[in-house]
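Please walk through the fold shown below, beginning with a single residue and widening the view step by step.

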Amino acid sequence: MRKSSVSINLRKNEIIIKISEEAEQKDIIYSLRKKLPELKKLYKDEKTPIKVTGKVMKNKEIDEIQKLIKSQIDVEIDFDMPKSLGLSSIRRAFDQEIATSETKFHRGSLRSGQKLETEGSIVIIGDVNSGAEVIASDNIVVLGNLRGLAHAGAKGNKKAIIAAGLLDTVQIRISNIVKEIDRDEEPLHKQAYVYVHEDKIIIE
């Protein structure tokens, strides 16, 4: 007997799907497949949005769940995962060896055509818009959306990281390593954490 990994609560203006923190993805999908047809029957014409809460999930897991729900019920789905304005990403940045690097804070968003270069690390309290560029010799942390170009570890530091509230860019660089991102192939990464492992850029 499988312990249910998904619970569904009907509220007046939304439906909450709570996912157990210990649940594995295959069990979540199994439970949703069983429960969604029942939930669909309760739907009339209204477009009550669905909110998914509980477990912290990877982007591809979120995509899989979203696709499954949409295949049964075509409504707005909001994933309300535990997160704290990118602060967990920042904490991980400082767990790196380069915790001692000088960190600058930039308040406000970077518009297209703006370029920000800094020694050490930079925390941007805002967005980096498409056409803007950020270059740092150590870490880059963007609390908002990163849509422009980011180049961390610009002087050859492969331990540098890039963190963003939302990663929606076509290219990122750490040290001399470049990763091109195909926006059609790659899902939008919320609370993205980017680092180098074995000379490859990894996005979590």
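Threonine 53 has its place in strand β3, where strands (E, at least two residues) and helices (H or I, at least four residues) are DSSP runs numbered from the N terminus. This is a predicted model, in which local features need pLDDT of at least 70 and side-chain atom pairs count only at pLDDT 80 or more, while totals for chains, interfaces and linings use all residues. Residues are numbered from 1 along each chain as its sequence is written, and side-chain values use heavy atoms, with hydrogens and water left out.

Threonine 53 counts as buried because its relative accessibility is 14%, the term buried meaning under 20% relative accessible area, exposed over 50% and partly exposed in between, with a 1.4 Å probe and protein chains only. Setting aside residues up to four places away in sequence, threonine 53 touches Ile16, Ile17, Lys18, Ile19 and Asp80, a contact being heavy atoms within 4.5 Å.

The sheet to consider next is an open one, formed by 4 strands in the order β1-β2-β3-β4 with mixed pairing; two strands pair if DSSP finds at least two bridges between them. Its edge strands, each pairing on one side only, are β1 (6–10) and β4 (77–80). On average, and with direction ignored, neighbouring strands of this sheet are turned by 20° against each other, the axes being lines fitted to C-alpha atoms, for helices over the stretch in contact, and angles running from 0 to 180 degrees between N-to-C directions. Strands β1 and β2 (residues 15–19) run antiparallel and are joined by 5 bridges, and within this pairing isoleucine 8 has isoleucine 17 of β2 as its bridge partner.

Two helices pack on the sheet. Helix α1 (residues 25–42) touches β1, β2 and β3 (50–54), and its direction makes about 20° with that of β1. Helix α2 (residues 59–72) touches β2, β3 and β4, its direction making about 150° with that of β4.

Elsewhere, the structure holds 1 aromatic pair. The rings of tyrosine 193 and tyrosine 195 have their centres 5.6 Å apart and their planes at 40°, so the pair is tilted; rings of Phe, Tyr and Trp (its six-membered ring) pair if their centres lie within 6.5 Å, and planes under 30 degrees apart count as stacked, over 60 as edge-to-face and the rest as tilted. Tyrosine 193 is buried, because its relative accessible area is 6%.

For the protein as a whole, the secondary structure comes to 3 helices and 15 strands, and 47% of the 204 residues count as buried.
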